[in-house]
Amino acid sequence: MCRFVAYLGPPLSLQALLYDPPHSLVRQSWAPRHQRRGAVNADGFGVGWYDHHVRAEPARWRTPRPAWAERSFASVAGLVRSTAVLAALRDATPPSPVEESGTPPFTAGPWLFAHNGRVDGFAGGGPTNAVLRRLVSDPRTAGIEGASDSEVLFALALDRLDAGADPGRALADVVATVSGIVPARLNLVLTDGHRLAATAWGESLFVKEGDDAVLVASEPHDDDGRWTPVPDGSLVVVDRSGAVVAPLTP
């Protein structure tokens, strides 16, 4: 369930990243190739991108409609270029509502975040919902807009960033905390447009390096041989120099 792609590199148009590849993220909304659960990702589509010459905070566009239906966004995607992008599709966990507040990527200050997976017992106000929400600080609780488990995971990561953790450590701590409480699939991705971190925890994840760029994605968007699968239970940390993959520590 859900798909995402994150990019750091030379300026690239959103069309080239999200529409042009033969197995693009938009195509994955109806025909994913590596998705382990579910068949379509039709419950939302969102894109965040940076222009650090203008501001540190990203621009973000999102909709609860399926990506294939967003013709207006497709018409402008070729005119928007960025050195850092995070885009995602949503396949909502029933009985979660399908609405914009639950659509990734989520943002706070300079950060963008997305989640591929689920936290057992969270959807529909299940017992895990209250347990995890109690772990979030009051300031970050106030920033939660909707009902998704992804927003609570983001809030937990923001608390760790607020405490001085780097993105990789923040995500690793969230995985350790949540998986120590309840079964969960926690492929998380976090970026400020300069750095990027992602986890492989129960879902597919791939990395591609080359042409001075790094891509981290739920699945390859083409058949380029440079795509490398990330072992389950791994942390990926990316900056402009490349990607490092290491085991997630308990």
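**Exercise 1. How many bridges join S6 to S7, and in which sense do the two strands run?**

Before starting, note that this is a predicted model, in which local features need pLDDT of at least 70 and side-chain atom pairs count only at pLDDT 80 or more, while totals for chains, interfaces and linings use all residues. Residues are numbered from 1 along each chain as its sequence is written, and side-chain values use heavy atoms, with hydrogens and water left out.

*Solution.*
- Step 1: Strands (E, at least two residues) and helices (H or I, at least four) are DSSP runs numbered from the N terminus, and two strands pair if DSSP finds at least two bridges between them.
- Step 2: S6 and S7 run antiparallel and are joined by eight bridges; in S7, valine 189 is the bridge partner of alanine 114.
- Step 3: S7 also pairs with strand S8 (residues 196–200) in the antiparallel sense, over three bridges, and here valine 189 has alanine 198 as its bridge partner in S8.
- Step 4: S7 and S8 form a hairpin with four residues between them, and glycine 193 in the turn has a positive phi of about 90°.

**Exercise 2. Find out how many residues of strand S7 are buried, and which residues lie on each face.**

*Solution.*
- Step 1: A residue is buried under 20% relative accessible area, exposed over 50%, and partly exposed in between, with a 1.4 Å probe and protein chains only.
- Step 2: Eight of the eight residues of S7 (residues 184–191) are buried, so the strand is largely enclosed by the rest of the structure.
- Step 3: In a regular strand, side chains alternate between the two faces of the sheet.
- Step 4: On one side of S7 lie Ala184, Leu186, Leu188 and Leu190, on the other Arg185, Asn187, Val189 and Thr191, and all are buried.

**Exercise 3. Describe the strands that pair with S10.**

*Solution.*
- Step 1: Strand S1 (residues 3–13) pairs with S10 in the antiparallel sense over four bridges, and leucine 8 has valine 214 as its bridge partner in S10.
- Step 2: Strand S9 (residues 206–210) pairs with S10 in the antiparallel sense over five bridges, and lysine 208 has leucine 215 as its bridge partner in S10.
- Step 3: S9 and S10 form a hairpin with two residues between them, where aspartate 211 in the turn has a positive phi of about 55°.
- Step 4: Five of the five residues of S10 (residues 213–217) are buried, so this strand is largely enclosed by the rest of the structure.

**Exercise 4. Work out how the rings of tryptophan 61 and phenylalanine 73 are arranged.**

*Solution.*
- Step 1: Rings of Phe, Tyr and Trp (its six-membered ring) pair if their centres lie within 6.5 Å, and planes under 30 degrees apart count as stacked, over 60 as edge-to-face and the rest as tilted.
- Step 2: The structure holds six aromatic pairs.
- Step 3: Tryptophan 61 and phenylalanine 73 form one that is stacked, at 4.5 Å centre to centre and with 25° between the planes.
- Step 4: Tryptophan 61 lies in strand S3 and phenylalanine 73 in helix H3, so the pair ties together parts that are 12 residues apart in sequence.
- Step 5: Tryptophan 61 is partly exposed, with a relative accessible area of 24%, whereas phenylalanine 73 counts as buried at 5% relative accessibility.
- Step 6: Trp61 and Phe73 form one aromatic cluster with Tyr19 and Phe45.
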